[in-house]
Amino acid sequence: MSATNTRCPCGSELNLSECCGHYHAGATAPTPEVLMRSRFSAFALGLHPYLLETWHPSTRPTELHLDNATRWVHLDVLDHDMQGERGRVHFRATFCEGRRWGRLEESSRFVHEEGRWFYIDGEPSLERLKPGRNDSCPCGSGRKFKSCCGLA
């Protein structure tokens, strides 16, 4: 399926090509929140070069070792703000590793330099989820787990 017909992983309800795909293709993210959403989408799509390009050189790792078994399924932006050349985004990202579910919550810091926003670092916390059959599905679909991702 092409990016034109694929829903953006960031949760915007837009097609990827109209949303984060625009930034993955080289457009500059106008705010820290938009950069955060595009980075989540890059994690979900396995776009490692984009993650490195949008990471500030002062804290950027030389390479990323991401687990291909991790499937990023849902993003909630809880809060965000900008003050001059600094920004912050507090988010919660839900993922699945095989049949195990988890949620990463982080308050990320961003800086605006050379006309672009960059991710600096964050304060992450990890929570393991154990959804029951009748619980809401952690993927954010709004359906019960047993009728959604619990089918697999």
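What share of the contacts in the chain with a separation of 6 or more comes from residues 24 or more positions apart? Such residues account for 38% of those contacts, where contact means heavy atoms within 4.5 Å.

## Basis of the model

This is a predicted model, in which local features need pLDDT of at least 70, side-chain atom pairs count only at pLDDT 80 or more, and totals for chains, interfaces and linings use all residues. Residues are numbered from 1 along each chain as its sequence is written, and side-chain values use heavy atoms, with hydrogens and water left out.

## Overall architecture

The chain contains 3 helices and 4 strands, arranged along the sequence as α-α-α-β-β-β-β. The radius of gyration is 16 Å, close to the 15 Å that the globule rule gives for 152 residues, so the chain is as compact as a globular protein of that length. Helices (H or I, at least four residues) and strands (E, at least two) are DSSP runs, numbered from the N terminus. The radius of gyration is taken over C-alpha atoms, and the globule rule is 2.2 Å times the number of residues to the power 0.38.

Taken along the principal axes, the C-alpha atoms fill a box of roughly 50 × 35 × 30 Å.

## Surface and charge

Of the 152 residues in the chain, 34% are buried; buried means under 20% relative accessible area, exposed over 50%, and partly exposed in between (1.4 Å probe, protein chains only). The chain exposes about 8,800 Å², and carbon and sulfur atoms supply 48% of that area. Accessible areas come from the Shrake-Rupley method with a 1.4 Å probe; for residues, only the protein chains shown count as cover.

There are 19 positive and 19 negative side chains, with the centres of the two sets 10 Å apart. Lys and Arg count as positive and Asp and Glu as negative, while His and the chain ends are not counted. The place of a charge is taken as NZ of Lys, CZ of Arg, CG of Asp or CD of Glu.

## Strand pairing

Two strands pair if DSSP finds at least two bridges between them. Strand β1 (residues 70-83) runs antiparallel to strand β2 (residues 86-97), and 12 bridges join the two. Within this pair, R71 stands opposite C96 in β2. Strand β2 is also joined by 12 bridges to strand β3 (residues 100-113), again in antiparallel fashion; here R88 has R109 in β3 as its bridge partner. On the other side of the pairing list, R109 stands opposite D121 in β4. Strands β3 and β4 (residues 116-129) are antiparallel and joined by 13 bridges.

## Hairpin turns

β1 and β2 form a hairpin with 2 residues between them, and G84 in the turn has a positive phi of about 65°. The β2 and β3 hairpin likewise has 2 residues between its strands, with a positive phi of about 65° at G98 in the turn. In the hairpin of β3 and β4, 2 residues lie between the strands, and E114 in the turn has a positive phi of about 50°.

## Two individual residues

Q83 is found in strand β1 and counts as exposed, at 63% relative accessibility. Although Q83 and V111 are 28 residues apart along the chain, their C-alpha atoms are separated by 9.9 Å.

L66 lies in the loop between α3 (48-53) and β1. L66 is partly exposed, with a relative accessible area of 29%. Not counting residues up to four places away in sequence, L66 touches F43, H48 and L51. L66 and F43 are 23 residues apart in sequence, and their C-alpha atoms are 8.6 Å apart in space.
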